[in-house]
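Please open the model in your viewer and keep the sequence beside it, so that each selection can be followed in both. The tour goes from one stop to the next, and each stop names what to select.

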Amino acid sequence: MATIEECRAALDKLADSMGNAEGDVRAAASMERSVSCHVTDLDVTFAGRLTGGRIAVRDTFPGPPREKAQIQLAMTGDDLVALVDGKLHFARAWGAGRVRLEAGLRDLFRLRKLL
């Protein structure tokens with residue numbers, strides 16, 4: 001099972017990848033949105049903002065998200081690490097119910113370029 005530190009490192013790696021992206025991916029990442037990622041097996045939530053093409057994690061707290069973010073993710077720590085490392089395909093994980101994504105319809109269309 002992934003630790004909180006490994007999950008935070010995965011989110012930092014994702015932020016770096018998004019910050020270095022180009023073209024359509026860069027354009028999709030340029031939204032300004034609140035974001036939360038609930039790591040279900042650790043029962044911890046990382047909350048922050050998608051801004052300037054990067055995810056900036058501002059808070060980490062126990063339990064589910066305290067406030068509804070505009071983009072909400074939920075998954076196990078192992079799945080988070082595997083997604084960021086490229087070992088788990090997002091669409092397959094989402095289709096199998098391993099990853100939950102909640103966002104507005106417009107955001108979902110933009111996010112599909114990232115995921």
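Two strands are said to pair if DSSP finds at least two bridges between them, while the helices (H or I, at least four residues) and strands (E, at least two) are themselves DSSP runs, numbered from the N terminus. What you see is a predicted model, in which local features need pLDDT of at least 70 and side-chain atom pairs count only at pLDDT 80 or more, whereas totals for chains, interfaces and linings use all residues. Residues are numbered from 1 along each chain as its sequence is written, and side-chain values use heavy atoms, with hydrogens and water left out.

**Whole chain**

Begin with the protein as a cartoon, where there are five helices and five strands, and where the order of the elements from the N terminus on is α-α-β-β-β-β-α-α-β-α. Of the 115 residues of the protein, 40% count as buried; here buried means under 20% relative accessible area, exposed means over 50%, and partly exposed lies in between, with a 1.4 Å probe and protein chains only.

**The strands**

Select β1 (33-39) and β2 (44-51), which run antiparallel and are joined by seven bridges. If you pick Val35, you will find that its bridge partner in β2 is Gly48. The hairpin of β1 and β2 has four residues between the strands, and in it Asp43 takes a positive phi near 50°.

As for cover, six of the eight residues of β2 are buried, and the strand is mostly covered.

Now return to Val35 and look towards β4, where its bridge partner is Ile71; β1 and β4 run parallel and are joined by five bridges. Strand β4 (residues 71-75) has four of its five residues buried, so it is largely enclosed by the rest of the structure. Which strand pairs with β4 in the antiparallel sense over four bridges? That strand is β5 (residues 100-103), and within this pairing Gln72 has Glu102 as its bridge partner in β5.

Stay in strand β5 and select Ala103, which is partly exposed because its relative accessible area is 22%. The C-alpha atoms of Ala103 and Ile71 are separated by 4.7 Å, although these residues are 32 apart along the chain.

**A covered helix**

Select helix α3 (residues 77-84), which is mostly covered, with six of its eight residues buried. Among the buried residues of α3 are Leu80, Leu83 and Val84. After α3 comes Gly86, whose phi is positive, near 80°.

**Salt bridges**

Show the side chains next: a salt bridge is a side-chain nitrogen of Lys or Arg within 4 Å of a carboxyl oxygen of Asp or Glu, and a search of the whole structure finds five salt bridges.

Select Asp12 and Arg8, whose closest N and O atoms are 3.4 Å apart in a salt bridge. Both residues lie in helix α1 (residues 4-19), four residues apart, about one turn of the helix.

Then select Arg54 and Asp16, which form a salt bridge with the closest N and O atoms 2.9 Å apart. Arg54 lies in strand β3 and Asp16 in helix α1, so this pair ties together parts that are 38 residues apart in sequence. Arg54 is partly exposed because its relative accessible area is 35%, and Asp16 counts as partly exposed at 37% relative accessibility.

Are the partners in the next pair, Asp107 and Arg33, buried or exposed? The two side chains meet in a salt bridge (2.9 Å, N to O), and the pair links distant parts of the chain, with Asp107 in helix α5 and Arg33 in strand β1, 74 residues apart. Asp107 counts as buried because its relative accessibility is 7%, and Arg33 also counts as buried, at 18% relative accessibility.
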